[in-house]
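Hi,

Here is the model I promised to pass on.

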There are 2 protein chains.
Amino acid sequence: MVNTPSLTVGIVGATGAVGQELVRLLHERNFPMTSLRLFASARSAGKTVERNGKSYTIEEAKPGVFAGVDLAFFAAGGSVTRALAKDAVAAGCLVIDKSSALRMEPNVPLVIPEINPEKLRRHEGIIANPNCSTAVMLMGLWPLHQAFGLKRIIVSTYQSVSGTGAEAVRELEAQVQAHVKGLPLEKKVYPYQIAFNCIPHIDSFDATGYTGEETKMAQESRKIMGLPNLRVSATTVRVPVVRAHSISVSAEFERPVNLEKARAAIAAFPGAELVDDVANKKYPTPLDFAEKVKCGVGRLRIDTAWDNGLSFWVSGDNLWKGAALNAVQNAELMAREGLLGKAALAGRA
Amino acid sequence: MVNTPSLTVGIVGATGAVGQELVRLLHERNFPMTSLRLFASARSAGKTVERNGKSYTIEEAKPGVFAGVDLAFFAAGGSVTRALAKDAVAAGCLVIDKSSALRMEPNVPLVIPEINPEKLRRHEGIIANPNCSTAVMLMGLWPLHQAFGLKRIIVSTYQSVSGTGAEAVRELEAQVQAHVKGLPLEKKVYPYQIAFNCIPHIDSFDATGYTGEETKMAQESRKIMGLPNLRVSATTVRVPVVRAHSISVSAEFERPVNLEKARAAIAAFPGAELVDDVANKKYPTPLDFAEKVKCGVGRLRIDTAWDNGLSFWVSGDNLWKGAALNAVQNAELMAREGLLGKAALAGRA
């Protein structure tokens, strides 16, 4: 790390599924911080938690707490971001937000560091991170776009319950336990049983019949890749998988495609691991890509429905590349480029 | 039923997953048969089984056993069909085949009775039934084609383990039991763990990187709907669901689409049940469409990736409409139209 100032880092929503991964990744990846403060709702405030061999007292996330915090990861949902992000920015804190609240704001960069890192240089104190399915999908799509020029994508997702949160992981586990014990299966988080089922419904429906998750995949893909005219159709589906999302992607390109070049582009892309040897039954599965930094891309083939088309399958950790890891990677890149700390923030464009 | 002759019916592969559903459906739907004979491999021959209150002795499926059988359902896989179907036809028996062995033969009709029933009138002793995913998908696609004229489809499947067979149902159950008990999860049927996982691999891979299942969905859709130029791209995926397949479909049409007409077409189609009220969280799930005669179609919406496009989600029982039920429905229609029995077969074109 060059020019790294003394950094106090905060995590808002530190007790949630993504917040816990943030604490873990900041430690495991040796993020250059001098101190770490954990914030959560009033309900958790005052509790002491052990994380990576250190003891932390949870502080209540509320206006005024960000004085002295240089960088705050927000992982507590859109309403907390809307309530507190501006307060944090006013206190001179850089906010790296995981929620969907501000992603599409024109003055908020939405960044995947392997794709549009230059956007980290021009911000107003808030950096947004993409939706989990979008981030995982783009680990396969972006290198193919660079090779052939994207025109249109049709995608279907296979999303794990940890994307909903820790309570949904418990619901799937409880349903499976009840099934084995011959007890009735209870549901609370999802409108239908998720064990042994698929639910084509993630986020709420709008008047067009698309869900918020589907619309996010379209809008965020366009913003991150800088392709405002990209046509996207997504169907997002919850499946009984604990961790890691998968996406089946069919993409039409501007230029003629070929498999050799496509595989080389995937293999050379830092965010992807090419797992594509079907003769030996090698392709990614969500189980294999839980708690992996890279997303697995495989089943690459010439798409039979288009003239210049490719299909592929990608699996990646929704809590890591889909959430906490991407946020940490954004912060790491900003640290490497001297974009963190009070001096850098005060002097920004 | 009119002109129904005395009918002796046989089931080849009677002890398998589809065979058992055939026995059940023939009884429950009061198929006009005077006697039923059950055939299986030498290993099962001689065993006595109780089915629907009657006792049957399993006979070995081998050349020569079809004398006196008017109609035989073959549900024992492609190799058994290839070995025995011609022998059955030579004995004057009509074969209704569930295997994939002969589906694409030009002289073998491939029939879904709600779509191309006229093909049942012209055959050479063998009627083929479609692949499970194809049959379920077409319950949504055919009425939309009739309304707007199909041009292209991109589909991803969510297929249950019963499509692989009874041993795969046991494997998923055993893995879930082991998970709950904290024991190691063992796999034999699938190359990867299927509990809490998705496996983008059904049937074997060909040189293009598509699987046999994906190619079947394309070829069979074209043949059944009579659309030799339909462009199809399929990605077929196994999910940890016990029974009923689901398919996410994006379709491009020749003519402008509208949702009201699309919903009316689905609702009026005998093979489909429209479950499409997202404001009240109503859409099909595989759990809701296991052991249902109709396939559930929902999540209908104007597809954002095409100019004349519709997306939808369909769930249907792979062992019923995807297998045994479609075969029985073909036989029922032939019985109603006087196309069964020695006299009808002897006098056929």
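Where in chain A does UniProt place the feature "domain: Semialdehyde dehydrogenase NAD-binding"? The unreviewed entry puts that feature at residues 8-123 of chain A; UniProt positions are in the numbering used here, feature names are shortened, and annotations may be inferred rather than shown by experiment. Over residues 8-123 the chain is 22% helix and 25% strand, with the end C-alpha atoms 20 Å apart. Helices (H or I, at least four residues) and strands (E, at least two) are DSSP runs, numbered from the N terminus.

Some ground rules before the rest. This is a predicted model, where local features need pLDDT of at least 70 and side-chain atom pairs count only at pLDDT 80 or more, while totals for chains, interfaces and linings use all residues. Residues are numbered from 1 along each chain as its sequence is written, chains are lettered from A and ligands numbered from 1 in the order in which they are written, and side-chain values use heavy atoms, with hydrogens and water left out.

On to single residues. A:Thr8 is in strand E1 (residues 8-12) of chain A. With a relative accessible area of 15%, A:Thr8 is buried (buried means under 20% relative accessible area, exposed over 50%, partly exposed in between, using a 1.4 Å probe and protein chains only). Its side chain makes a polar contact with the side chain of A:Ser35, at 3.2 Å. By polar contact I mean a pair of N or O atoms within 3.5 Å; within protein, one must be able to donate a hydrogen and the other to accept it, and residues adjacent in sequence count only if both atoms are side-chain atoms. Leaving aside neighbours within four places in sequence, the residues in contact with A:Thr8 include A:Arg37, A:Gly68 and A:Asp70, where contact means heavy atoms within 4.5 Å.

A:Ser44 sits in the loop between strand E2 (35-40) and strand E3 (48-51) of chain A. A:Ser44 is buried too, at 8% relative accessible area, and touches A:Thr15 and A:Ile58, not counting residues up to four places away in sequence.

Then there is A:Arg103, where UniProt (unreviewed entry) places the feature "binding site". A:Arg103 is in the loop between strand E7 (94-97) and strand E8 (126-128) of chain A. Is A:Arg103 buried or exposed? The relative accessible area is 4%, so A:Arg103 counts as buried. A polar atom of its side chain lies 3.0 Å from the backbone oxygen of A:Lys98. Beyond four places in sequence, the contacts of A:Arg103 include A:Asn129, A:Asn131, A:Lys216 and A:Glu220.

Now the domains. The assignment for chain A gives domain 1 (8-102 + 323-346) and domain 2 (133-318), with bounds that come from an automatic or database domain assignment. The contact takes 8 residues from domain 1 and 6 residues from domain 2 of chain A. Their centres, taken over C-alpha atoms, are 27 Å apart. Between them these domains bury about 530 Å², of which carbon and sulfur atoms give 44%; buried area is the accessible area (1.4 Å probe) that two parts lose on being put together, summed over both. The rule finds 2 salt bridges across this domain interface, a salt bridge being a side-chain nitrogen of Lys or Arg within 4 Å of a carboxyl oxygen of Asp or Glu. On the domain 1 side, helix H1 (17-28) and helix H8 (320-336) of chain A are the elements that give two or more residues.

How much area do chain A and chain B bury between them? About 5200 Å², 57% of it on carbon and sulfur atoms. In chain A, A:Tyr192, A:Phe196 and A:Arg299 lose the most area to chain B, together 12% of what that side buries. Each chain gives 60 residues to the contact. The chains share 6 salt bridges and 42 residue pairs in polar contact, both residues at pLDDT 80 or more. A:Asp307 forms a salt bridge with B:Arg231, the closest N and O atoms being 2.7 Å apart.

Last, two backbone spots in chain B. Most residues other than glycine have a negative phi. B:Asp203 has a positive phi, near 75 degrees, and is partly exposed at 35% relative accessible area. B:Ala244 also has a positive phi, near 95 degrees, but is buried at 0% relative accessibility.

Cheers
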